[in-house]
Amino acid sequence: MYRALLCVAICLFLYSSAKADPITLTGGFAITSDGIFQVNAFGQNFLWQGAASGDPENFTFATCTPSPCAAGSVLDVGGSFIASQLGIGLSFGTVNLNGVTFPNLYFDGGLNFTGSLVLPSDFVNGQPVMVPFTATGHLIGWIPCAPPLQMFRCTQVFDVPLTASGIATATVPQSRTGTVLYTFTAPVPEPASLGLLGVGLLALKQFYKRRKRT
């Protein structure tokens with residue numbers, strides 16, 4: 001019986017791990033603001049770097065409802081970090097994937113951020129606000145064509161799913177554009193995964209105790 005329980009627990013644990021196919025960003029940051037759109041993030045066997053340049057576009061995600069931001073407003077730091085915008089100004093990005101470095105890339109895909117909170121009663125415009133967030137998406141890398149067609153995508157070299165979580169630091173002044181710094185952190189193991197691991201360890205302990213008796 002214990003052997004069957006152990007087998008079930010291990011199989012369920014491996015199945016839950018197998019579903020975690022996306023690359024999880026465990027460190028680094030992404031930042032959005034007026035004329036600032038940048039990412040320097042990493043995960044296991046993965047590094048993504050890129051920045052927009054030469055364009056005054058407002059990339060900020062932070063919004064308040066009702067607006068302007070005040071105590072009691074809902075501050076939302078959700079938005080789509082569109083990777084193709086990292087090529088604005090003909091700038092390029094770099095990715096290291098499984099030990100292979102791809103420099104001078106164009107990107108497609110991106111990350112969809114989700115996160116919000118109600119601003120506290122002591123909120124003051126311009127002070128940083130910490131907002132937990134999650135993000136999912138995928139990143140596609142393209143090698144540019146040879147000159148003089150280097151502004152076009154020629155060869156796709158990867159398409160990887162991404163997931164992330166962490167803390168966003170949002171600064172929302174009264175009269176200027178807000179800035180949001182998304183800091184990626186390693187995720188906390190899900191209770192279900194910890195439970196499966198616990199069941200497996202318990203079954204293993206009982207199995208060895210029974211085997212020792214016999």
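Strand S4 (63-65) and strand S5 (residues 74-76) run antiparallel and are joined by 3 bridges. Strands here are DSSP runs of E at least two residues long, numbered from the N terminus, and two of them count as paired if DSSP finds at least two bridges between them. Within this pair, threonine 65 has valine 74 in S5 as its bridge partner. The model is a predicted one, in which local features need pLDDT of at least 70, side-chain atom pairs count only at pLDDT 80 or more, and totals for chains, interfaces and linings use all residues. Residues are numbered from 1 along each chain as its sequence is written, and side-chain values use heavy atoms, with hydrogens and water left out.

The S4-S5 pair belongs to an open sheet of 3 strands, in the order S4-S5-S9, with antiparallel pairing. Its edges are S4 and strand S9 (116-118), each of which pairs on one side only. On average, and with direction ignored, neighbouring strands of this sheet are turned by 20° against each other; the axes behind that angle are lines fitted to C-alpha atoms, and angles run from 0 to 180 degrees between N-to-C directions.

Tryptophan 48 shows up in both pairings: alanine 41 stands opposite tryptophan 48 in S3, and valine 95 is the bridge partner of tryptophan 48 in S7.

Side chains along strand S3 (residues 46-51) alternate. Buried means under 20% relative accessible area, exposed means over 50%, and partly exposed is in between (1.4 Å probe, protein chains only).

Turning to the cysteines, a search of the whole structure finds 2 disulfides, a disulfide being a pair of cysteine sulfur atoms within 2.5 Å. Counting bonded cysteines along the chain, the pattern is 1-2, 3-4. One link joins cysteine 64 to cysteine 69, with an S to S distance of 1.9 Å, and is right-handed, with 100° about the S-S bond. Cysteine 64 is buried because its relative accessible area is 10%, and cysteine 69 is buried because its value is 8%.

The other link is between cysteine 145 and cysteine 154, whose sulfur atoms lie 1.8 Å apart. This link is right-handed too, with 100° about the S-S bond. Cysteine 145 is buried, with a relative accessible area of 12%, whereas cysteine 154, at 45% relative accessibility, counts as partly exposed.

Finally, there is a nonpolar patch on the surface, formed by Leu149, Met151 and Phe152, with about 290 Å² of accessible area together. Methionine 151 sits in the loop between strand S10 (128-144) and strand S11 (153-171), and counts as partly exposed because its relative accessibility is 38%.

Definitions and conventions:
Patches are made of residues with over 30% relative accessible area and no salt bridge: like charges are joined within 9 Å, nonpolar side chains (Val, Leu, Ile, Met, Phe, Trp, Tyr) within 5 Å. Accessible areas come from the Shrake-Rupley method with a 1.4 Å probe; for residues, only the protein chains shown count as cover. A salt bridge is a side-chain nitrogen of Lys or Arg within 4 Å of a carboxyl oxygen of Asp or Glu. Helices (H or I, at least four residues) and strands (E, at least two) are DSSP runs, numbered from the N terminus.
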